[in-house]
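Take a walk through this model, one site at a time.

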Amino acid sequence: MGVVAVQSFKNIISTYLGFFIGAINTLFLYTEFLSDEYYGMVSYMLSLAYVIMPIMSLGMHNTLVKFYSSFKTRVSLHSFLTLMIFLPILIIIPLLIVTYFGYDFIAGLLSKKNEIIKDYLWHTFFIAIALAYFEVFFAWAKVQMETVVGNFMKEVFHRVGAMVLLFLLHYKFIDVEQFMLGLVVVYVLRMLVMKLYAFSVKFPIITFSKLNNLGAILKYSFLIIIAGSVATVLLDVDKVMLGHYVDIREVAYYSVAVFIATVIAVPQRSMHQLLMPLSAKYLNDRDFSSLSDLYKRSSISLLVVGGLIFLLIVLNINELYYIIPKEFSNGLFVVFLISISKLYDSALGSNNAILFNSDYYRVVLVLGVFLVILMVLLNMVFIPLLGINGAGLATFLAIFMYNSVKLYFVYRKFKLFPFSRASLNVLLLIFISVLLFYFWEFPFHPFINIGLKSLVVSMVYLFVVYRFNFSEDITLVITRYIKGK
């Protein structure tokens with residue numbers, strides 16, 4: 001866990017910096033500087049781009065991580081990397097042609113409920129291309145065990161760009177149309193910067209030699225388009241479907257609620273950048289002892305950290321909604337549901353990394369197809385009945401079932417299980433903390449109340465975690481911090 005711990009710590013810093021900037025954008029700038037209609041449109045546009053991004057990339061970012069360590073000669077490795085660069089173009093060009101000639105039909109289909117959507121289809125398309133190639137270039141650096149710069153670009157760059165654009169809009173240096181176009185430019189610039197860095201880490205040598213395992217690579221790539229996009233679809237397909245059932249403003253309210261809850265996933269996202277290549281290496285080397293250790297340690301560490309963030313969100317959510325415009329408080333129930341589902345995600349540790357990089361990745365495909373269908377059906381049932389709360393409930397149910405099946409499958413096939421008595425102790429600590437602190441309020445300004453309660457909760461929680469040594473890695477970090485003082 002040494003390499004994981006060092007780079008994960010740096011990644012957590014940049015990820016939380018990104019989320020801090022994103023929180024300012026999401027909770028204050030978008031809500032004040034942009035109309036609810038256009039805020040909803042931005043949320044819808046980005047969500048649709050993330051949903052179609054895996055198709056644009058043809059799964060190359062996952063394929064690169066899985067197969068990179070299996071190539072033992074320079075010629076075969078360069079040929080493989082060349083394939084990773086050029087293969088997405090084979091799908092992007094046909095999609096570009098279809099979109100050009102079928103623009104009116106596609107735009108009309110998507111904008112039945114909200115006319116504003118049809119004006120920004122090309123924006124969505126080019127953002128999706130930028131997202132796809134960004135992931136490919138990030139994976140390029142990731143397999144060299146260089147994740148810090150890529151994670152900074154992934155979490156911070158576009159949020160700073162959006163913040164700059166929001167201030168330019170507010171002070172009337174640009175209008176709303178230029179703002180929407182500026183978002184596209186930000187994502188394209190992010191992709192280009194990531195490309196320059198990735199090629200500085202390992203410069204590509206374009207080689208078109210035949211690969212012996214080309215069939216396996218292509219098969220995996222086409223299958224992983226669906227399997228590897230499940231997590232992305234889970235977070236974004238609900239927003240896309242909301243655009244078909246409710247007013248576009250409701251998408252903005254839902255997006256704020258989801259953003260708040262998604263903060264729980266920050267440590268997992270940071271550690272995931274290294275869990276993927278490490279799990280792939282252990283599986284390729286058949287080192288199941290190290291794989292099991294990585295699975296257990298990542299699970300308990302992420303559960304402890306995710307549990308603390310869960311508490312800070314749930315225990316302060318009422319105060320937070322006093323700060324932002326009143327209508328956004330409609331997403332309170334969504335925050336609770338998505339927070340629980342993200343905590344479950346965190347508790348699975350390297351589960352996804354094991355499945356994606358094993359010979360059972362086809363199972364992830366089957367589960368992914370099942371989950372997407374289930375997600376769509378649940379949203380079709382619950383959104384008309386409950387609005388954004390229905391979308392939150394559908395997401396919660398789908399994620400809970402999906403994670404439970406993945407947990408069982410890894411245990412069944414690898415005899416690996418991430419949980420222990422310490423996991424139960426952490427869950428009990430979280431439950432007791434909610435009972436003790438949820439109804440405890442300070443009589444001050446919401447900002448002060450959030451700060452005071454967060455300080456008290458964090459001190460109590462971390463003391464118990466440290467005192468009873470729930471996680472060796474967390475205890476080690478706290479011990480180093482104390483001695484450093």
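S341 counts as buried, at 2% relative accessibility. Buried means under 20% relative accessible area, exposed means over 50%, and partly exposed lies in between (1.4 Å probe, protein chains only). This is a predicted model: local features need pLDDT of at least 70, side-chain atom pairs count only at pLDDT 80 or more, and totals for chains, interfaces and linings use all residues. Residues are numbered from 1 along each chain as its sequence is written, and side-chain values use heavy atoms, with hydrogens and water left out.

S341 belongs to helix α15 (residues 332-347). Helices (H or I, at least four residues) are DSSP runs, numbered from the N terminus. A polar atom of the S341 side chain lies 2.8 Å from the backbone oxygen of I338. Leaving aside neighbours within four places in sequence, S341 is in contact with F396, I399 and N403. Contact means heavy atoms within 4.5 Å.

Next comes another serine. S14 sits in helix α1 (residues 2-33). S14 is buried, with a relative accessible area of 7%. Not counting residues up to four places away in sequence, S14 touches N151, F152, E155 and V156. S14 and G150 are 136 residues apart in sequence, yet their C-alpha atoms are 10.0 Å apart in space.

E155 leads on to the salt bridges. A salt bridge is a side-chain nitrogen of Lys or Arg within 4 Å of a carboxyl oxygen of Asp or Glu. By this rule the count comes to ten salt bridges. E155 pairs with R159, the closest N and O atoms being 3.2 Å apart. The two are four residues apart in helix α8 (residues 148-170), so about one helical turn separates them. E155 is buried, at 0% relative accessible area. R159 also counts as buried, at 13%.

What does R297 pair with? R297 forms a salt bridge with E472, with closest N and O atoms 3.2 Å apart. R297 lies in helix α14 (residues 288-323) and E472 in helix α21 (residues 472-484), so the pair ties together parts that are 175 residues apart in sequence. R297 counts as partly exposed, at 24% relative accessibility, while E472 counts as exposed, at 51%. Salt bridges link D293, R297, E472 and D473 in a network.

K453 forms a salt bridge with E441, the closest N and O atoms being 3.6 Å apart. K453 is in helix α20 (residues 446-467), and E441 is in the loop between α19 (421-437) and α20, twelve residues apart. K453 counts as buried, at 2% relative accessibility. E441 counts as partly exposed, at 35%.

Now turn to the aromatic rings. Rings of Phe, Tyr and Trp (its six-membered ring) pair if their centres lie within 6.5 Å; planes under 30 degrees apart count as stacked, over 60 as edge-to-face and the rest as tilted. By this rule the count comes to 29 aromatic pairs. Y438 and F439 have ring centres 5.0 Å apart and planes at 85 degrees, so the pair is edge-to-face. Y438 counts as buried, at 18% relative accessibility, whereas F439 is exposed, at 71%. Ring pairs also link Y30, Y39, F179, Y253 and F328 into a cluster.

F86, in helix α4 (residues 74-86), is partly exposed, with a relative accessible area of 37%.

Notes:
A polar contact is a pair of N or O atoms within 3.5 Å; within protein, one must be able to donate a hydrogen and the other to accept it, and residues adjacent in sequence count only if both atoms are side-chain atoms.
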